[in-house]
Amino acid sequence: MKVETIAVLTSGGDAPGMNTCVRAVVRSACAYKMKVIAVKNGLQGLIDGDFKEFGARDVAGIVHKGGTILGTARSKEFRTKRGRKKAAKNIQNAGIDALVIIGGDGSFRGGYELNKDFGIPFVGLPGTIDNDMYGTDFTIGFDTAVNTAVDAIDKIRDTAESHHRLFFVEVMGRHSGAIAVEAAIAGGAELALIPEVTTDIDALANSIVAQKKAGKKSAIIIVAEGDDAGSATEISDKVYKLIGFKGKVCVLGHIQRGGHPSARDRVLASRLGIAAVKTLKSGKSNVLVGEIKGDTALTPVTTVVRKKKKADMKKERFVRLLGT
Ligand code: ATP
């Protein structure tokens, strides 16, 4: 397969570092004398034919910017074969040889379905704050999101300690506790409640009482939004019913998606963006380009879509050990 024209898009939830990654893809493709088409608004942009040719100067001044200058979307239409057929037609009409899809698990699956149905080659780059993609140790945006959460937890700790309060801090993670665990360790939280572990409300309430008796004057419990016991507010209410002790709730929400990407995310995004272009240049496609144990790693699409990455359970145990 000879790849002369590539299209780049960002899809799914926006993540800090997506712009850095777009810049790396565009600039390295230009260095390899490839033509680059930027697609607006993710996979929906393929259906709408929302294309614009990009040169090296079109990605100036974005290395540090949060969000995505290309726009992103969650496209219902792309989930249908009819929608994907429209996308394939636009791709072929524009002379695009392969796609670079920067996004999460769902976006990658979208690329897989498009390839399966219409043979459009693609590479996926892991752009999501969730760090839940198989085939990479870290996703682009995760480090920034964790740092944003830790910054908030540090501030909450000031008021929690001053007023001797219990706080439930809800962080993002519908299916993964990765942000919760990492932020809990770095923020010195007492516990992290995550989707990967069943939450026992009685045990949670007992541990809060026990820690209070042992002299803890305040406590911070991190709740991943997808925890099986409910939202931070629901968990706080359930605990209150058991021990009559009201916890304050702080939902960090979308602030975790925004902001300048951390240096680490920028380096990861740059490295993986270059690797994606090199992969296509060498004739390979239908892989996730990730980083495993410090090296760039290509994982076949069929493996990525079959496997799920869970939060690191060793780290979850660190939280329990250190939060006593
Ligand atoms: P994040 O991790 O930030 O949520 P994501 O890429 O996982 O990002 P999704 O909303 O799950 O976000 O997926 C993005 C888009 O990918 C969807 O809106 C849809 O258009 C497409 N997509 C997801 N799953 C499929 C599928 N099975 N078939 C076709 N398209 C899909």
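Me: Is phenylalanine 138 buried, exposed or partly exposed, and what is its relative accessible area?
Reply: In this predicted model, phenylalanine 138 has a relative accessible area of 24%, so it counts as partly exposed.

Me: Which residue has its charged end over the ring of phenylalanine 138?
Reply: That residue is arginine 264, whose charged end sits 4.5 Å from the centre of the ring.

Me: How many aromatic pairs does a search of the whole structure find?
Reply: The search finds 2 aromatic pairs. One of them joins phenylalanine 138 and phenylalanine 142 in a stacked arrangement, with 6.5 Å from centre to centre and 25° between the planes.

Me: And phenylalanine 142, buried or exposed?
Reply: Phenylalanine 142 is buried, because its relative accessible area is 3%. Its partner in the stacked pair, phenylalanine 138, is partly exposed.

Me: Which residues lie on each side of β6?
Reply: Leu166, Phe168 and Glu170 are on one side, while Phe167, Val169 and Val171 are on the other.

Me: Which strand pairs with β6 over 6 bridges, and in what sense?
Reply: Strand β8, residues 219–224, pairs with β6 in the parallel sense. Within this pairing, valine 169 stands opposite isoleucine 222 of β8.

Me: What about β9, how many bridges join it to β6?
Reply: There are 4 bridges between β6 and strand β9, residues 248–251, and these strands also run parallel. Phenylalanine 167 has lysine 248 in β9 as its bridge partner.

Me: New topic: how many salt bridges does the structure hold?
Reply: It holds 12 salt bridges.

Me: What does lysine 308 form a salt bridge with?
Reply: Its partner is aspartate 105, and the closest N and O atoms are 2.4 Å apart. Lysine 308 lies in the loop between α10 (301–306) and α11, whereas aspartate 105 belongs to helix α4 (residues 105–118), so the pair ties together parts that are 203 residues apart in sequence.

Me: Where do these two stand on accessibility?
Reply: Lysine 308 is partly exposed at 46% relative accessibility. Aspartate 105 is partly exposed as well, at 23%.

Me: Which residue meets lysine 216 in a salt bridge?
Reply: Lysine 216 meets glutamate 190, at 2.6 Å from N to O. This pair links distant parts of the chain, 26 residues apart: lysine 216 is in the loop between α7 (201–213) and β8, and glutamate 190 is in the loop between α6 (178–187) and β7 (191–193).

Me: Is glutamate 190 buried or exposed?
Reply: Glutamate 190 is buried, with a relative accessible area of 7%. Lysine 216, by contrast, is partly exposed at 24%.

Me: What does lysine 246 do?
Reply: Lysine 246 lies over the face of tyrosine 240, at 4.9 Å from the ring centre. The side chain of lysine 246 also meets that of aspartate 237 in a salt bridge of 3.1 Å, N to O. Lysine 246 is partly exposed at 49% relative accessibility, and aspartate 237 is partly exposed at 31%.

Me: Which residues form a nonpolar patch on the surface?
Reply: Phe318, Leu321 and Leu322 form the patch, and together they have about 340 Å² of accessible area. Phenylalanine 318 is part of helix α11 (residues 313–322) and counts as partly exposed, at 40% relative accessibility.

Me: One last topic, the backbone. What is the phi of lysine 33?
Reply: Lysine 33 has a positive phi of about 60°, although it is not a glycine. Most residues other than glycine have a negative phi. Lysine 33 is in the loop between α1 (18–31) and β2 (35–39) and counts as exposed, at 74% relative accessibility.

Me: And where is asparagine 286?
Reply: Asparagine 286 is in the loop between α9 (263–281) and β10 (287–292). Its phi is also positive, near 60°.

Key
Residues numbered from 1 in each chain as written. Predicted model: local features only at pLDDT ≥ 70, side-chain atom pairs only at ≥ 80, totals over all residues. Heavy atoms only, no water. Patch = residues over 30% accessible without salt bridge, like charges linked within 9 Å, V, L, I, M, F, W, Y side chains within 5 Å. Areas by Shrake-Rupley, 256 points an atom, 1.4 Å probe, with all protein chains shown as cover. Salt bridge = Lys/Arg side-chain N within 4 Å of Asp/Glu carboxyl O. Helix = DSSP H or I, 4+ residues; strand = E, 2+ residues; numbered from the N terminus. Buried < 20%, exposed > 50% of the residue type's maximum accessible area, 1.4 Å probe, protein only. Phe/Tyr/Trp six-rings, centres within 6.5 Å; stacked < 30°, edge-to-face > 60°. Lys NZ or Arg CZ within 6 Å of the ring centre and 35° of its normal. Pairing = 2+ DSSP bridges.
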